[in-house]
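Morning, everyone. Please take a look at the structure on the screen.

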Amino acid sequence: MSTVTLTINSQEVTVPKGSTVLDAAVGAGFFIPTFCHDPIYAGYGGCRICIVDIKGARNLPASCVTAAADGMIVETESAPVVEARKTIIELMLANHPVDCMTCEKCGDCRLQDYAFRYGVESAGFGGERKDYEFDTTNPYINRNMNKCILCGKCVRTCKGAEDRAVIDFTFRGFDTKVAPALDSSLAESACVSCSRCVSVCPVGALTDKPLGGKARAWEVVKEEVTCTWCDAGCLFDLVRKNGEVIGVAAKAPAGGRPLCLKGRLGLELRYNDKPLKPMLKKDDQYVEVSWTEALGLDEILEKLN
Amino acid sequence: MGTLKDHRSSIEEQHTKKMERSRIVVGLGTCGIAAGGNKVMAAIRGEVESRGLDVDVDFTSCIGMCYAEPVVEMSLPGAASVVYGGVYPENVAKLIEGHLVNKIPVTDMAEIQVVGAGVPYEGIPVMEKSTYYEKQIRSVTSRLGRTNPERIEDYIATGGYAGIEKALTMEPQEIINEVKISGLRGRGGGGFPTGTKWQFVSDAVGDKKYIVCNADEGDPGAFMDRSILEGDPHAIMEGMMIAGYAIGADEGIIYCRAEYPLAISRLNLAIEKAEAMGILGNNILGSEFNFKIRIKAGAGAFVCGEETALLNSIEGYRGTPRVRPPFPAHKGLWQKPTCLNNVESFANIPFIVRNGGAWYASMGTEKSKGSKVFCLTGNINNTGLAEVPMGITLREIVYDIAGGILEGRKFKAVQSGGPSGGCLPADQLDLPIDYDSLIGAGAMMGSGGLVVMDETTCMVDMARFFLNFTQLESCGKCTPCREGTKRMLEILERICEGLGGPNDIETLERLAKVIKSSALCALGQTAPNPVLTTLRYFRDEYEAHINDKRCPAGLCAELLTFTVNDRCVGCGVCIKACPVNAISGEKKAVHVIDPEACIKCGACVPKCKFDAIVKA
């Protein structure tokens, strides 16, 4: 395989040709923050937090979409880079509720982590902020678009599932918003509550509703399990607090029609001693159903009885 | 079907015959129509019919003198044709009576005369020697206002499609070489060498390649592409065909903004007629070369003038920029190698192929060759379209071509390059205009809009205007542009309202620097330019707004106070003019304006005959 050799922070790094500067730097142990970068759906380059200094470049290129090239001289934390990153974080915070004290994502939030790392205390800018209604219509996913930083990971993840693409960017500029078709609520949309969007959200915009209020991020231990409801083999996290399972979170899809609600509910029932109340959508309304109905076991049970 | 050569001689013959008859030609570009050209046309037809005159009535596109619209040209056999300006239905009879019946031109309404082979009249400036045109050259705009853009015969009779005829006898690489020799650089604003771009697309490997024409002109104050689209649609198509032959593409798409309906209809007509004559389609002019062109109308987003957002839009996606590389030359439309050029760039190509690259390179400066079309707008006497050689100075454009500042006021600045460009102050007036000198001065060529401002323009307000535009047109994809331009705009609004704080200039500069260096596309990267250049050249105005709560240009309403001085004779006219009853006073006593009630509309100022109301 052909390789390229570049210099990152005065260190020579050799990576396979076609690698991005981000891959090269992270592979060599350097830190570069990312919001919108998703290795599965790479090439978006929208959040700009991963900008780096490349000698000879006209501006500060986003490392996630810049190919590493022979002889490139890269600095990941030069003064202009740090200034730009601080400003980008400040701009995000200026349009983001700073309610970390009660935010479900606190302790597991990239915006919070990077603000800490770069010492951005609060946004110096006043001005207009997003003011959307909190969408709690779906029994499994809470959508607080006021916290969304528009990284688009959820959009790309949802589009990546066959027959999905339930959410996309709507409106333009400062008014850009991720929403289902016609800016409807999630309950009214074609969403099947697979929660893959929740699993990729870097901030508190998308959270698991059943886990709401149950634990702080640092109190939980996650244990990876493979779902056995079908042969796809999707990964889920058992979320434990004090050793007890308090919920099941979507982690990573496998092939086929992955990360389905049925699989997650099945794991919930199997591992959680106090499982949530299963809800299914009937005639465009979510209603509570029995576990046998939720898991599609009614007919089988009838035969067994 | 016969070749173009067979057609050409008969078309030329007919054209010559047509030109030898008595003619009335009305300028019906969008500018002419907006000024009332259609009503003038109806009045002319009515007058010609009622008098039973043997006169051809035709129409043309914008000749460039937008300030004189509606424009009507009249000619008699063997004589020069006279271009009349400010023609309204009520003076149609006078013009026809004078020029065509009595054969005496109406000199007081005549703007210029186009002499050609005819005998010139006395007392009317000859086009080439007129104030407006003396410093211009007419190359890519040569057919504008001279031919009927809806008649392919007019195009062919004036040398049209001779470029593709010649190109088809050349090797594709020879054509690319000629374009390289010409030194033509992208006329959409970027200034990338066109020949080099063609070489990239030619060298790119792909089973299918595309030619895309960017006709999504959107800068406030820019209308050169629209004028060419409406005035010479075949030239753009011919340029695209030549590009297609040179780089190996058989399909072209013109991405035209939907706000240009006349351009789209004339392009559609041009495509239809060219196809009917075998100039467009399969086996063009009997060769092996196939090329088709279609039009894609935009959906109203300024950012779709950015090439990768434009490609997304054609493909049916949201109009947001893609990351580059890969560049469109390698992975463009539908991921195929794509040659994307601007309207004016393509329209120049037939001339370059016909006359040779060296001919084109003989015009202009060392690094910016040829001519450039500019749109002159703002506080000037002659607003319009002007084609000038590269290297001309701003002073020549503002004072010679545009006729100086309205009402003899003082020049303040010129905004070059629209919202992505910057403003240049009076001490830059002798700057020769080319790509590199403008960038050096903090502005840019852009697509060619020049907005001239005088002493009554507040530069902070001007920066606010352009930031408002870029902020509204930000696509929302990248953080620095989406969030950053919003905050810059809010700060500028604050300053204009007299609420600016001591750190505002510093914050503006920091945001500008970060947005410029980190935004995804050129729209974001250049959005801070109007702020940066006004800060560079007019920092004192920002400081006056922030520190002294004063707008030196007297424009920002929140910072103005209206007072009455002792020149007041107490006539009471201002009391009647005030819409909010803020002025009071006894007859023959000095009046008083209540600052609380005053809404700073300024209605009282021009009403006072004694200059007693002071705005400060």
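Where in α13(B) does a kink lie? At Ile349(B), shortly before the proline Pro350(B), and the kink is about 25°. The bend at a residue is the angle between axes fitted to the seven residues ending there and the seven starting there.

A word on the model. It is predicted: local features need pLDDT of at least 70, side-chain atom pairs count only at pLDDT 80 or more, and totals for chains, interfaces and linings use all residues. Residues are numbered from 1 along each chain as its sequence is written, chains are lettered from A and ligands numbered from 1 in the order in which they are written, and side-chain values use heavy atoms, leaving out hydrogens and water.

Back to the helix. Helices are DSSP runs (H or I, at least four residues), numbered from the N terminus. Helix α13 of chain B covers residues 343–355. Its 13 residues should span 18 Å at 1.5 Å a residue, and the end C-alpha atoms are 19 Å apart, which agrees. The expected span is 1.5 Å times one less than the number of residues.

Eleven of the 13 residues are buried, so α13(B) is largely enclosed by the rest of the structure. Buried means under 20% relative accessible area (1.4 Å probe, protein chains only). Among them are Phe346(B), Ile349(B) and Pro350(B).

Now the ends. Asn342(B) caps the N-terminal end, with a side-chain oxygen 2.7 Å from the backbone nitrogen of Glu344(B). Just after α13(B), Gly356(B) takes a positive phi of about 90°.

Conventions. Helices (H or I, at least four residues) and strands (E, at least two) are DSSP runs, numbered from the N terminus. Buried means under 20% relative accessible area, exposed over 50%, partly exposed in between (1.4 Å probe, protein chains only). A polar contact is a pair of N or O atoms within 3.5 Å; within protein, one must be able to donate a hydrogen and the other to accept it, and residues adjacent in sequence count only if both atoms are side-chain atoms.
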